[in-house]
Amino acid sequence: MTAPIPDQASNSGPMAALSLRGLAKRFGGKIAVDGISLEVPAGSFFGIVGPNGAGKTTTLSMATGLLRPDFGTAVVHGVDVWQHPLQAKRLMGILPDGVRLFDRLTGEQLITYAGLLRGMDRAVVAARVGELLAAMDLTEDAGTLVVDYSAGMTKKIALASALIHAPRLLVLDEPFEAVDPVSATNIRSILDRYVASGGTVIVSSHVMDLVQRMCDHVAVVARGRLLAAGTVDQVRAGASLEELFVQLVGGHSHTEGLEWLRTF
Ligand SMILES: Nc1ncnc2c1ncn2[C@@H]1O[C@H](COP(=O)(O)OP(=O)(O)OP(=O)(O)O)[C@@H](O)[C@H]1O
């Protein structure tokens, strides 16, 4: 059953899973996000790339209801995130950057908690928890406290917690960071199947090659602004995404100096 949509955004495309309009955020004197507008088509695998400090996490936090924007709107499948946060959050699964989890729970308890928090039926939660633990290759560690997990295991358990309620939109900040290649391949195939069945994935990443192979759409962000967005092929226009990225963002070389580093 689909929840009634309380607020159809008049200016977002009918197929937009996420529509950002003029999002802006300042921290003291620092403008972190400087008016970002972006359409993420439903059913797309959308990469957001940009250098360190570009404003990716700040943008995604505002888009998912974690950080209130100074200006602008974020609309998820027609629901305004800041006017109707509960309805909007029901549609989303979020893997935030620097996840702070209830790490005194075991992995199994944490995913279960995420499902129950979403108001899901206990039996459905139990069935999905087992499947998610297996998919993330964490069955053997199901009873270990999350505080004792490695960085990659923590990332995977957080991702499982974001998937349990089968959201329409997944927003994943650096989902592959610290994750081993076998687990990354598993996660990728889960996400590919999810997109093939109509879900939308937004990932932020620094790994251009991964984004080029995995995503069908991409946005390049730098200094709080959107520099390019579209299908990966449109944006890279025959070059590699990495070349295009360096060209757009500016490939500064600061390797002069540091002579002392060769004096050991
Ligand atoms: N809570 C905060 N207080 C002050 N400044 C902040 C805060 N959060 C982010 N910033 C600043 O805003 C800018 C954008 O940060 P953000 O974390 O959004 O970048 P990012 O693109 O996600 O970077 P990275 O790829 O390194 O994770 C940076 O200059 C950062 O220092």
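Which residues are around the ligand?

## Ligand shell

The residues around the ligand are Phe27, Lys30, Ala32, Gly50, Asn52, Gly53, Ala54, Gly55, Lys56, Thr57 and Thr58. A residue counts as near the molecule if its C-beta atom, placed from the backbone, lies within 6 Å of it. The structure is a predicted model, in which local features need pLDDT of at least 70, side-chain atom pairs count only at pLDDT 80 or more, and totals for chains, interfaces and linings use all residues. Residues are numbered from 1 along each chain as its sequence is written.

At least two shell residues come from each of strand S2 (30–41) and helix H1 (56–63). Helix H1 contributes the most, with 3 residues. Helices (H or I, at least four residues) and strands (E, at least two) are DSSP runs, numbered from the N terminus.

The shell comprises 3 nonpolar, 6 polar and 2 charged residues. Here Ala, Val, Leu, Ile, Met, Phe, Trp, Tyr, Cys and Pro count as nonpolar, Asp, Glu, Lys and Arg as charged, and the others, Gly among them, as polar.

## Positive phi angles

His77, although not a glycine, has a positive phi of about 45 degrees. This residue is found in the loop between strand S4 (71–76) and strand S5 (79–80).

Glu174, also a residue other than glycine, has a positive phi near 50 degrees. Glu174 lies in the loop between strand S7 (169–173) and helix H6 (181–196).

Is His77 buried or exposed? His77 is buried, because 23 other C-beta atoms lie within 10 Å; the cut-off for buried is 20 or more such atoms within 10 Å, for exposed 12 or fewer, and for partly exposed in between, with C-beta atoms placed from the backbone. Glu174 is partly exposed, because it has 19 other C-beta atoms within 10 Å.
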